[in-house]
Amino acid sequence: MKIVIINYGAGNIKSIQFAFKRLGYDAILSNNPEEIEAADKVIFPGVGEASSAMSMLRTSGLDTLIPTLKQPVLGICLGMQLMCNSSEEGNTIGLGIFNTEVKRFNNTVKVPQMGWNTITNLKTDLFNGVKNREFMYCVHSFYAENCNQSIAVTNYGLDYASALQRDNFYGVQFHPEKSSTAGEQLLKNFIELK
Amino acid sequence: MLTKRIIPCLDIKNGRTVKGVNFVNLRDAGDPVELAKQYAVKGADELVFLDISATLEGRKTMIDMVLQVAEQVNIPFTVGGGISSVEDVDVLLKSGADKVSINSSAVKRPELINELANKFGSQCVVVAIDAKQIDSEWKVHLAGGSIPTNLDLFEWAKEVEQRGAGEILFTSMNNDGTKNGFANEALAKLSETLNIPIIASGGAGTVQHFVDTFKEGKADAALAASVFHFGEIAIKDLKEELRDNNIEVRL
């Protein structure tokens, strides 16, 4: 099993690597297109600001590579947001993998959302063994609008897509690598996806 | 629904927890990594590690500890103490810390908050504020509370938010160590005037104090040290009691 975490300069990817290590897998950090294409599973992480993360992807040519990948790909947090059509953050055009838009929470709630929230309406094998209303750790100011590609929904002032899926592409808004045993179960499920 | 967070805080000196910890089933109560793992299992929502090492050697040991915690613990954690530059933060985040907490260095040079928020994102920037109420005014204090300033707590908190902090950790020096409850009036005012999460700190003694700080103090999270370290309050019992008081928690 070759797991590659795309390393394009956005965010704390060590935690994701450590989470896989706890599960018994050595995940590799790479920005090399050949290495990414040859992986069995690809993690697309991201923390920080959308437009600068997107420009880092463009610089390395990863913006054209990622949508063509055939193996299971998991976007995490900003990674998932960049897989959407667009983001209000820095007026960013996304990779267009998920047919939805990323918007900022309005100020009826505290922004960023920070802490543990529940996920519901769970779909796909990504959530095998994860119970409805399980808690996941969230840290974000922007959210993906709920749509027909949602495979998990969370409420924070409104219902938003806390996980998305299209074909071999998956995305989660929360941080499975920081979400205790439930998060580890999700990462394990991802590794086991065909 | 987003839940209220319970955050144990560990003081670290030269890679070891200080102030002592009295946990059963712990091989080494001084080992922060062991302790962090225990807290994660017991239901803590996050952890805060405060580095009180005064030496360069102690600082290096701290980075080692951060790496080990990130490797072995599956909940988020914040590191504070002795952080005064973008470089300091870069090292900690690269070692696996989820957030950093800055205090005196932000007062001395407020631009640091902007720099950190721009480079690493607001979500990982916690600004800790120690304040003391003197003649009905809340004044910010520095260096672990030893140096008073003329800064007003609420004005400073507003500036901190505007500069891009993702969260505020407010410690009331009047309450800290008293075990008489949190400074709920000031907390509620912070929570109502700002739009970022507020962590209550200082004064935890009983389960009821936590209920009060979430209800009256409108805090988003509550931090405590000794009541957890000495097993006076078990996190699971605390959370069950909070739930019974209609406060949303992760159980």
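Q: What counts as a helix or a strand?
A: Both are DSSP runs, numbered from the N terminus: helices are H or I over at least four residues, strands are E over at least two. This is a predicted model, where local features need pLDDT of at least 70, side-chain atom pairs count only at pLDDT 80 or more, and totals for chains, interfaces and linings use all residues; side-chain values use heavy atoms, without hydrogens and water. Residues are numbered from 1 along each chain as its sequence is written, with chains lettered from A and ligands numbered from 1 in the order written.

Q: How do I read a pocket, and how much space lies in the second largest pocket?
A: Rolling a probe the size of a water molecule over the atoms shows where empty space is left. A pocket is an open set of points on a 1 Å grid over the protein atoms alone, where a 1.4 Å probe fits, with protein on both sides within 12 Å along at least five of seven lines. Points join across faces, edges and corners, and the volume is the space filled by probe spheres set on them. The second largest pocket holds about 900 Å³.

Q: Which residues are closest to the centre of the second largest pocket?
A: Lining residues have an atom within 4 Å of a point. There are 38, and B:Asp11, B:Leu50, B:Asp130, B:Thr171 and B:Asp176 are the closest to the centre. Elements of chain B that each supply at least two lining residues include β1 (5-13), β3 (47-51), β6 (125-134) and β9 (167-172).

Q: How does the lining of the second largest pocket divide by class?
A: Ala, Val, Leu, Ile, Met, Phe, Trp, Tyr, Cys and Pro count as nonpolar, Asp, Glu, Lys and Arg as charged, and the others, Gly among them, as polar. The lining has 15 nonpolar, 16 polar and 7 charged residues.

Q: How do I read helix packing, and at what angle do α1(B) and α2(B) pack?
A: Axes are lines fitted to C-alpha atoms, for helices over the stretch in contact, and angles run from 0 to 180 degrees between N-to-C directions. Helix α1 (residues 32-42) and helix α2 (residues 56-72) of chain B pack at about 30 degrees, with axes 9 Å apart. Therefore α1(B) and α2(B) are roughly parallel. Angles under 35 degrees count as roughly parallel, over 145 as roughly antiparallel, 65 to 115 as roughly perpendicular and the rest as oblique.

Q: Which helix of chain A packs against α2(B)?
A: Helix α1 (residues 14-22) of chain A does, at about 55 degrees, with axes 7 Å apart. So α1(A) and α2(B) are oblique. Contact (heavy atoms within 4.5 Å) involves A:Lys14, A:Phe18, A:Lys21 and A:Arg22 on α1(A), and B:Leu67, B:Ala70, B:Glu71 and B:Gln72 on α2(B). By class, that is 3 nonpolar, 1 polar and 4 charged.
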